[in-house]
Amino acid sequence: MYKEINLDNKLKLILLKNKNIHTVNIGIFIGAGAKDEDTFHNYGCAHFLEHMMFKGTENISATEIAEALDDLGGYGNAYTNNEFTVFYNKVLQEDSFKAVDILYDMLFNSTMDEDEIEKEKKVIVEEINMYEDEAGSFILEEFSKNLFSRQGLGNSILGEKKYVKKINKKILLNFYQQHYVPEKMVVVVTGNYNEKLIGYLKRKFSALESAEQQLEVNKKVIINNFSFALHEKAKISQIYFALGGEGVSKNDSEYIKTILFNNILGGNSSSYLFQKLREELSLCYDISSFTTAFENTGELVISGGVNVKQFPLALREIVKILEEIKVAGIKKIDFERAKKQLKRQIVMSLDNMHNMMFSLGIDVLYYSKPKLIDELIAEIDGISYSSFNKFVKRYLKALKLNLCVLAPKGTDDIEKQWEEIAGG
């Protein structure tokens, strides 16, 4: 069972002990990400800040941070997404106090050196270039930008080059001061930690001051059913596509059904999409679906890469599969198999204390309390075949399909083909 400690400054500590391992996982979660940015003022700021936390503090340089993390023998890293940022490390029990010190120093004593900011701009621009060169990543990001109207959840996590180049210390500090506050933080520790670490965490993080004024958060989400968006690029041989629409939020009572449906549709090699388009028709190598859930909405996306000539047929087959499910639902044998698959996926994932650290932190950010394995399994077991099919049919009938395409130059007849397929 996990321990939850609420500090006076409203920061939450979550601890889950496992005496059968030798390592400790520590994560600091901040409830701020790309959706909290202004597209024209501080676009890319959340991700930029994540980088700057590794660039030196009042006590140690960027090189010394890297050396200190390496000397612990474990690993440390961070990532930013649309709704939160997390900094984490994994170390031996004997090094856990030192690991906490390093993370704390990085996050709360960063110098935000102006020379380092200018240098890091170049690094982030190259990171953006790398993602733009990767066709699959590019088209998925463009789909989200269009679906969420290029605001809030539609913001690119990395930002855009022209805006990243305008970021300065003042902009970074303003974002930092608004969001890196205890009210928006969850500190999670999992593994075989020393009990004395609890008191150490309480003393250390209690020193953080609450924000004088809570930032008002606009939770309104604008869904833009754009229908079709085309991007062309030279020197690619396939059409890369993202097809889908609005999904279900993490706070929706039927969120777990969306995950189950996605697994059946395109989440693995036994899925409908994979078996039909790749195994039976040999139309593509890469075909899958995924669902992303946010606090107040989500997205369901089918993506892949297909030969230009085969693309219209692939689209027809995908739409046909969705239409058949909309009418007939999911076969019971596929439903039962998917439930078993999902339960096994959850158990195997959360059997790892590092994964459990992420799960606990994310759950607290979204739900204010963690969901453990037994609770998740019980939730899946509680889904009946009848209620699942009613949900799937209702969801697909309401779903408005949008198609975002990255194609070789000269393939601008795709929109007409899509209109015929979607209309038919």
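This is a predicted model: local features need pLDDT of at least 70, side-chain atom pairs count only at pLDDT 80 or more; totals for chains, interfaces and linings use all residues.
Residues are numbered from 1 along each chain as its sequence is written, and side-chain values use heavy atoms, with hydrogens and water left out.

**Overall build**

- The C-alpha atoms fill a box of roughly 65 × 50 × 40 Å along the principal axes.
- The chain forms 16 helices and 11 strands; these are DSSP runs (helices H or I, at least four residues; strands E, at least two), numbered from the N terminus.
- Of the contacts with a separation of 6 or more, 82% join residues 24 or more positions apart; a contact means heavy atoms within 4.5 Å.

**Surface and burial**

- Buried residues make up 53% of the chain. Buried means under 20% relative accessible area, exposed over 50%, and partly exposed in between (1.4 Å probe, protein chains only).
- The chain exposes about 19900 Å², and carbon and sulfur atoms supply 47% of it. These areas come from the Shrake-Rupley method with a 1.4 Å probe.

**Charges**

- There are 53 positive and 60 negative side chains, and the centres of the two sets lie 6 Å apart.
- Lys and Arg count as positive, Asp and Glu as negative; His and the chain ends are not counted.
- Each charge is placed at NZ of Lys, CZ of Arg, CG of Asp or CD of Glu.

**Salt bridges**

- The whole structure holds 21 salt bridges, each a side-chain nitrogen of Lys or Arg within 4 Å of a carboxyl oxygen of Asp or Glu.
- Asp-101 and Lys-204 pair at 3.2 Å, N to O. They link distant parts of the chain, helix H3 (residues 96-108) and helix H8 (residues 196-206), 103 residues apart. Asp-101 is partly exposed at 27%, and Lys-204 is partly exposed at 22%.
- Glu-118 and Lys-121 pair at 3.1 Å. They sit three residues apart in helix H4 (residues 114-133), so about one helical turn separates them. Glu-118 is partly exposed at 42%, whereas Lys-121 is buried at 9%.
- Lys-145 and Glu-142 pair at 3.3 Å. Both lie in helix H5 (residues 135-147). Lys-145 is buried at 6%, and Glu-142 is buried at 6%. Shared partners join Glu-141, Glu-142, Lys-145 and Glu-160 into one salt-bridge network.
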